Amino acid sequence: MSKVFITTSIPYVNAEPHIGFAMELAQGDALARYYRAKLGEDQVFFLNGTDEHGSKIDKKAKETGIEPQKFVDRITQKFIDLGKALNISNDDFVRTTSDRHKKSATDLWRRCQKDIYKKNYKGLYCSGCEEFKTEKELVDGLCPVHRTKPEPVEEENYFFALSKYAPKLRELIESDELKITPELRKNEVLGWLREGVQDISVSREKLKLSWGIPVPGDPDQVMYVWVDALSNYITGAGFPDSHEKWWNEETLKIHVVGKDILRFHAIIWPGLLLSAGLPLPNIIYAHGHITSDNQKMSKSLGNVIDPFSLIQKYGADAVRYYLLAKIPWDDDGDFSSDKFQAVYKGELSDNWGNLLNRLVVLGGKSKSQISDLKSQNIGSNPELAGFRFNNFIEKQITELARINREINETEPWKLITSEPDKAKKIIEKWLQDYYQISQELSFVAPRSFEKVEKAYSTGQAVQLFPRVEW
RNA sequence: CGCGGGAUGGAGCAGUCUGGUAGCUCGGGUGGCUCAUAACCACCAGGUCGCGGGUUCAAAUCCCGCUCCCGCACCCA
């Protein structure tokens, strides 16, 4: 494997960032940091971005009386801020309203032209919302907002011949050439493919969707979300002028997405790429969702978790750690204040943090050269490479517990006076092991690892995870 | 309807493929240690493994039936 290209999905900026997207960022970032450590800094590219077009945003902006661009600028800034607050090491950030992206999406459209045709689109249109509604959105056949019956409206749109690629996609996914993980999701996608794939509408009349990228050669039509948003991944790679460096057959290309948007990433996106004659991603990893106190997060329930306040109180590392360690990698997981605090105290403060001080002090007393005990070997890591973040962290925690147990059994504080040479040797081994473990955990909690490094350099104890009052 | 996933001590999970005295983390209790962020270590309590049948010397694990929960196309990480 030569290079690795990792993306998170691009969140729609009609609402502020929440904890679920923070998890996706943390996952992508842990992968990026791991592969950088293993393959070298310049061998890895980690991409983030935002999805900024669409009638929903246009409408919301109008309601608040500001220009759509100003509106998306404001929310996008919050996503950028979240990345910074979480200490995310992304190499680039693609906004779908940027010029380079418009160019990229337009070019992708052109490359897919042979599979794009005009057809009547029938949909249920609510004139109050000024947008098409899906059957699912309706409540008793009425628009939930306006309590009116949406009109069946027909308009001419462009369609993409997705159905044509269904057999090929099935083949690629079955063989793992396009790997969908976890297995459960792969089966789900294969199930969808078996049920049959329809051609998809990829444009809207400009009158109904003005906030978007114009269809090349047809000023009356605007691209619908598929081509517009999904193409951000190749925009980030440099499409259409210089993407070959990253978007090629040799690079391991990984999309980290939520299970809710797996369908688009596993079927529509590869379909577009096949049509355009571009390489396909290698792996699509779909994570689950986070519930808050075992309930779906919703504004009306008031149980939405704000990542910013959490980070402010406990630090980015603790939040990243919880999201990667305690939300199952392949399923939904729960967040609650109690659980978070238990993990913060039990695993971070009492184990990883406290053990550092135990060892640094013992190292000092045994006259060990602590700064020389930094082991440096990042090997292959099947857990991380396989997105099993929980297992990966659990392994490290088990190792920390092992050292704690050995310390109790060995009683080095007695050995230091009775058998100083033996004590020094044992303590140095622990210090080496501890450094190794911390280095592995640095992918999850980079700032804490920096503190460990500092403690080793100076020989001074440091509070990795200070007690927090709650 | 159908398809897929799940149901294991108070909580969260592993074990099910390849049957053989039910395991881990947290929480609770008792004791130990004193190097450390009142941290660490040991031990103990606690489970009819969703329900009912069947196969077997032996079933959480295999087979049949049932109950309940969750997800399934353009809203959502």
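**Entry 1: the RNA surface.** I looked up what surrounds RNA strand B and found 42 residues, counting a residue as near if one of its heavy atoms lies within 4 Å. Trp226, His287, Asn354, Arg358 and Asn408 are the closest. Of the RNA strand B atoms that come within 4 Å of the protein, 59% belong to sugar and phosphate.

I note that this is a predicted model, with pLDDT of at least 70 needed for local features and 80 or more for side-chain atom pairs, while totals for chains, interfaces and linings use all residues. Residues are numbered from 1 along each chain, chains are lettered from A, and side-chain values use heavy atoms, without hydrogens and water.

**Entry 2: make-up of that surface.** I sorted the surface by class and got 13 nonpolar, 15 polar and 14 charged residues. Asp, Glu, Lys and Arg count as charged, and Gly is among the polar ones. Helix H12 (337–365) is one of the helices that each supply at least two residues. H12 gives the largest share, ten residues. Helices here are DSSP runs (H or I) of at least four residues, and strands (E) of at least two.

**Entry 3: polar contacts.** I looked for N or O pairs within 3.5 Å. The His18 side chain has an N or O atom 3.2 Å from a base nitrogen of RNA strand B. A side-chain N or O atom of Gln463 is 2.9 Å from a sugar or linking oxygen of RNA strand B.

**Entry 4: a sheet.** I traced an open, antiparallel sheet of four strands, ordered S5-S4-S6-S8; pairing takes at least two DSSP bridges. S5 (131–133) and S8 (200–201) have a single partner strand each, so one side of each lacks a neighbour in the sheet. Ten bridges join S4 (116–126) to S6 (151–160).

Note on methods:
A polar contact is a pair of N or O atoms within 3.5 Å; within protein, one must be able to donate a hydrogen and the other to accept it, and residues adjacent in sequence count only if both atoms are side-chain atoms.
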